[in-house]
Structures are given as structure tokens and as C-alpha cells.
Amino acid sequence: MHAPEQGPLHGIRVLELGNFIAAPFASRIFADFGAEVIKIERPGVGDELRGWRRRRGATSMMFRTIARNKRSVTLDLRTAEGRAAVLELARHTDVVIENFRPGTLERWSIGPDELTAANPELVLVRISGYGQTGPYRSRTGFGGVAEAFGGLRHVTGYPDRDPVRPAAPLADTLAGLHGAIGALVMLLAKARGDDTASRPKVADVALYESVFMAMESLIPDYDAYGTIRERTAGNLPGVVPSGIYPCDGGSVMIAGNSSGVFGRLMTAVGRADLAADPDLADGDRRFQREAELDDAISVWTSQRPPKEVVRVLGEAGVPVGEVYDAAQIAADEHFAARGMLQSLKVPVDGEPEEIRFPGVVPQFDGVPTQLRWAGPELGEHTDEILGGLLGLSAEQLDDYRARHII
């Protein structure tokens, strides 16, 4: 595996002023590829993610995952000393990523003007619910709200029931990805030598817009056809046959919606008559006969275990996969072979335990990138960073600690 210390972003320093998922996910991408990420946390409390979905111990596996490969420094940004330390850290930093409510950093006098005055070469990524401008900028925005406002929640679930939430923080991770891309675009412009006055220095990422970008032709369909997309259970409208099908002891996801794959799928499930039906060569016609096609596939899959369905359809060239739970992912050889399950020693509730964490995406040159460490203890690197990088003395650190600044 690639050693992150020699990764493509080695030598880049990122200052994370973020909580929860969106900004921390963006900075984790930098950390995974070798950048030094300094995560600022509130003394004694830390990122609230430390307590989310925690079954035992003091720190959740969710935090350990999102904050991996980072250094934790405690600073109370409500104090003058804490804010001064942030500006001093900015002088030694390439990227700042934050996800406070718009106006918060400005109110603390560590907004874009102060940060870029401290370091004119700095690039800043700002992630918020509704963005830094517009009539809704001051609204509090969390991922679930962004999924609703951005159009995703309305189309998720069954048509005869209320909308449901995706069981993963899609808005936050999508915003994190857009934030990381924004930072890399700005760094590339700087490295290319673009004029300092004209190159971008602040990326404004809204959670709802990151969701909206994943909704492909939602609005074009509305303008062109007057279509308001509704909930269609597990399928996308017009994408037929495609969805979850029952098996003997589980279920599979089958994507047989392209014309070539459709013929192979129907032949494999014993319905060559449907494969040869000229009426079904057209995607819109297949959509009109969705129930008939789904029934034909389900009759065949329900009589077979998932692994047999995957084998038979896979050999026929049909995209198919078993619907996995966590235990199945953990036991799967393909996840392991591609470095997607990497073990780290982590204290859970006492002595360190062997815990597997998701690997790094993408791979470069066919070699997985190796994780360095799981999310750190609260303030684990405070003395190292403030003392070593900023030059604070042991006496100053002791004084800050006594006054709960760190």
C-alpha cells in the first residue's frame, strides 16, 4: 500500500474549523492522501460527532472514521487567545475548511478578510446549509434539511407513504466532496501561476446545492415536460427493469435497463419471449410494462439463493449484486482485496482493539492508500502543534490550559 506520508498531497497543510460531517469529510480527503490536517475542537467538548452512535467507550467509531489521519488541537474560538492562535495557524496553512453558520467567523474576527490578511496565499472553503449569500443564508441548515430542500427527500420512498430519509448522510458527504474539489481547484489555479488578483480564493459550498447537483434532470424535466418527479419506491422513473428483487434467503439488485442487457436478462430468467418482444426494445415501452417485467424476474429470483442469482446473471453479462449488510461487507473478499477494509488498533473501552475502517478512494496506480491512524483523542496534538508550530512555551500552554483556552 502507498504510505500517506509520501502521498500526492504530502506537504499541504489544512486547518479544519468544522464539526459534524460536511467540512470534516472534505478535510479527511486531504488527510487520506498525505496532507497534514489540524482539526480545531472546543476544549472539554470536542466535535459533537465524538458522541454520535456510540455504544461503548468515550469516542464513537463514526468520529474515528471521519477524523482519521488528522491531528486534534483544542482551542476556544470564543476567546481572544483562541482566535489569535487560529490566525497564527493560518499563516502556516494552505487551506482552511469551515462549516459554521454564515457570519459566525466574521463575528469572531477570523473571517475571510482576517484569514487572508494573515496569509494572502490561503484558500478557504466555506460549507453551510444555504450558502454565504441569498435570502436564506442565515437559516440553520443540516444535511437532512438540505436533502428535503434540494429535492431528494420528495422522491425517496414509496408513493403511498411519506418521504423517507436515505440511511446515509448524503448531503454532508456530497458537500464534503464538492468542498474538497473546490479547494483542489483553487490550489491548482495557484500552482499554475494564475494572477493573484483574479484567481479564486474562497469556495462557497451549500449543502442543498450539493444535493441538487445529484438530482440530474429534475428541473429540465419539469420545464420541458411539466413533470414533477414523485416517489417510485426503489426504482428510478423510466429505468426499467432495475431494482431490488427477492431471493431465497436474501435479495439482489439487478440493473437490466439498457437494451442489450435487457435481452440477456430476460433470456437468463427463462423469458426469451420477452427478450424477443419488439415492443420492449424501447425504454419507454419497458417503463409502461414495468410491473409485468418485475413479476417475471421475481418469479425466477425468488426460487434461488442470492449467490446463485449473482453467478447466473453475472455469467450472462447482467449487472447484479447481492444486497449486503455490514456483516457481509466485512466478510467479502473483494472489499478486502482492494484495501477497502483496513485494520487499526483503536481504544474502544479500555485496551486497544483491532477495528476495520473503510479504505481510501480513489486508488492510484492500482495500489490502495494505507490509513495512518483513526480519529485522535480530544486535544491529542495540542501541545505538539501550538508548541512546535507556533512556538508557545510550556508556561504559556499551562496558562492556556488553566484558563480553559485549550
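The model is predicted, so local features are reported only at pLDDT of at least 70 and side-chain atom pairs only at pLDDT 80 or more, whereas totals for chains, interfaces and linings use all residues. Residues are numbered from 1 along each chain as its sequence is written, and side-chain values use heavy atoms, with hydrogens and water left out.

An open sheet of 6 strands has the order β3-β2-β1-β4-β5-β6, with parallel pairing. Helices (H or I, at least four residues) and strands (E, at least two) are DSSP runs numbered from the N terminus, and two strands pair if DSSP finds at least two bridges between them. Strands β3 (70–74) and β6 (202–206) stand at the edges; each has a single partner strand, so one side of each is left without a neighbour in the sheet. From one strand to the next, the twist averages 20°.

Strand β2 (residues 36–41) is joined to β3 by 5 bridges, and the two run parallel. On the other pairing, β1 and β2 are parallel over 4 bridges, with Val37 in β2 as the bridge partner of Val14. Here, buried means under 20% relative accessible area, exposed over 50%, and partly exposed in between (1.4 Å probe, protein chains only). In β2, 6 of the 6 residues are buried, so this strand is largely enclosed by the rest of the structure. Glu36, Ile38 and Ile40 point one way from β2, while Val37, Lys39 and Glu41 point the other way.

Glu41 stands opposite Thr74 in β3. Thr74 counts as buried because its relative accessibility is 7%. Contact means heavy atoms within 4.5 Å; not counting residues up to four places away in sequence, Thr74 touches Glu41, Arg42, Pro43, Leu378, Gly379, Thr382, Ile405 and Ile406.

Axes are lines fitted to C-alpha atoms, for helices over the stretch in contact, and angles run from 0 to 180 degrees between N-to-C directions. Helix α3 (residues 80–91) lies across β1 (13–17) and β2, at about 155° to β1. Helix α7 (residues 170–191) lies across β4 (95–98), β5 (123–128) and β6, at about 160° to β5.

Another pair of helices, α10 (residues 259–268) and α13 (residues 290–301), packs at an angle of about 45°, with the axes 10 Å apart. The two are therefore oblique to each other, given that angles under 35 degrees count as roughly parallel, over 145 as roughly antiparallel, 65 to 115 as roughly perpendicular and the rest as oblique. Their contact is made by Phe262, Leu265, Met266 and Ala268 of α10 and by Leu293, Ala296, Ile297 and Trp300 of α13.

Arg286 is found in helix α12 (residues 283–288) and is buried, with a relative accessible area of 3%. Not counting residues up to four places away in sequence, Arg286 touches several residues, among them Asn257, Phe262 and Leu293. Arg286 and Asn257 are 29 residues apart in sequence and 8.5 Å apart in space, C-alpha to C-alpha.

Strands β10 (residues 341–347) and β11 (residues 352–358) pair in the antiparallel sense over 7 bridges. Ser343 stands opposite Arg356 in β11. The hairpin of β10 and β11 has 4 residues between the strands, and in this hairpin Gly350 takes a positive phi near 120°.
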